[in-house]
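Please look over the chain shown here before reading the briefing, which goes through its salt bridges, strands and helix contacts in turn.

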Amino acid sequence: MSKAIPEVILSCGNDILAMPVIGMGTAYPAADPETDKAAVLEAIKAGYRHFDTALVYGSEKYLGQAISDAVRLGLIKSRSEVFITTKLFASFAEKDLVVPALNMSLRNLQLEYVDMYIIHWPFKFGGEVKSMPVAKEMVLPLDLKSVWGGMEECKRLGLARGIGVSNFTCNMLQDLLSIAKIPPVLNQLEMSPAWQTKKLNDFCKAKGIHITAYSPLGGANSRVGDDRVLCSNILEDVAKAKGKTTAQVSLRWVYEQGVSMVTKSNNKERMKQNADIFDWSLSDEELEKISNFPQRKAVTFASIIGPHDLIVEIDAQL
């Protein structure tokens, strides 16, 4: 029997959400959907109940199939036992397109609602995107008031139990809080020992916005990250002293910042290792060592979208 992953309690409108603090990410799916679906089933067997997807990942369909299979196989009793997050793609970041975009995701997922729906990127695309990087004229500022109005409508319709954002800076969050009828409950952003985002963390905590960290291992083995976290001498020394892996030390550090996280692995043993971080802790001395970890810039939007003026401005604030 796998140990239960702790939950964080979030409040969004009249809904109280219990979100497991470690979720399984589904970005960069394998060429074979059956491989990824099998990985989700293995994750459920290992105790994972939080799954993170997005329309742009192309993983919603196999995730929905895996959840359906998990119920049929008796791995979970019902859909209500899992916490599902998906995201609004930048091509649909207009008020009248938000609800239809979520309905499209729900069809992919074979679900009636998601637990968390978030604005994926803090800008919009002025049309359909077929490849990256996109043309300069395609990248446009987000009409935050109207788009957030669409997000609030998703909440009112019961299509999303919670609503939030991703990759939003302090200034963007302040602007959003000034106009939101339903405040964002969550900001998903990159965080690891190599990118600690202390100012943004402190701001979110002060405003009651929970943080979910993506790339908590520095994006190792992804096409946009590197291995400076997993190959860090600082983390290796701590790991050896604790009898843990460098990955576990990094994840424990993220957890001790008071945030949740999304990890990605299709390897059964690493799934278990990633979730085995809750019955031990880091000492003050170890936390101090990690606080001095050499910082790099986050994986910038410019490296994915293109070095457009708006993108560079957002990058500079992250």
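**Salt bridge, barrel and helix packing**

The side chains of Lys155 and Asp15 meet in a salt bridge, with 2.4 Å from N to O; the term stands for a side-chain nitrogen of Lys or Arg within 4 Å of a carboxyl oxygen of Asp or Glu. Lys155 belongs to helix α4 (residues 144-156) and Asp15 to strand β2, so the pair ties together parts that are 140 residues apart in sequence. The model is a predicted one, in which local features need pLDDT of at least 70 and side-chain atom pairs count only at pLDDT 80 or more, while totals for chains, interfaces and linings use all residues. Residues are numbered from 1 along each chain as its sequence is written, and side-chain values use heavy atoms, with hydrogens and water left out.

**Salt bridges overall**

- A search of the whole structure finds 14 salt bridges.

**Strands and barrel**

- Eight strands close into a barrel with parallel pairing, in the order β3-β4-β5-β6-β9-β10-β11-β12; strands (E, at least two residues) and helices (H or I, at least four) are DSSP runs numbered from the N terminus, and two strands pair if DSSP finds at least two bridges between them.
- Neighbouring strands of this sheet are turned by 30° against each other on average, direction ignored; axes are lines fitted to C-alpha atoms, for helices over the stretch in contact, and angles run from 0 to 180 degrees between N-to-C directions.
- Strand β3 (residues 22-25) runs parallel to strand β12 (residues 260-263) and is joined to it by three bridges, with Met261 in β12 as the bridge partner of Ile22.
- Helix α3 (residues 95-109) packs on the sheet, where it touches β5 (83-88), β6 (114-119) and β9 (160-166), and its direction makes about 135° with that of β6; contact means heavy atoms within 4.5 Å.
- Strands β1 (residues 7-12) and β2 (residues 15-20) run antiparallel and are joined by six bridges, and Val8 stands opposite Met19 in β2.
- The hairpin of β1 and β2 has two residues between the strands, and in this hairpin Gly13 takes a positive phi near 65°.

**Helices α1 and α2**

- Helix α1 (residues 33-45) packs against helix α2 (residues 60-72) at an angle of about 45°, with the axes 9 Å apart.
- That angle makes α1 oblique to α2, given that angles under 35 degrees count as roughly parallel, over 145 as roughly antiparallel, 65 to 115 as roughly perpendicular and the rest as oblique.
- In the contact, Pro33, Asp36, Lys37, Val40, Leu41 and Ile44 of α1 meet Tyr62, Leu63, Gln65, Ala66, Asp69 and Ala70 of α2.
- By class, this contact of α1 with α2 has eight nonpolar, one polar and three charged residues, where Ala, Val, Leu, Ile, Met, Phe, Trp, Tyr, Cys and Pro count as nonpolar, Asp, Glu, Lys and Arg as charged, and the others, Gly among them, as polar.

**Helices α3 and α4**

- The axes of α3 and α4 are 7 Å apart, and the two helices pack at an angle of about 35°.
- Lys95, Val98, Val99 and Leu102 in α3 meet Ser146, Val147, Gly150, Met151, Glu153 and Cys154 in α4, and the contact has six nonpolar, two polar and two charged residues.

**Helices α7 and α8**

- Helix α7 (residues 233-242) and helix α8 (residues 246-255) pack at about 100° with their axes 8 Å apart, and are therefore roughly perpendicular to each other.
- Leu235, Glu236, Val238 and Ala239 of α7 make the contact with Thr246, Val249 and Ser250 of α8, a set that divides into four nonpolar, two polar and one charged.
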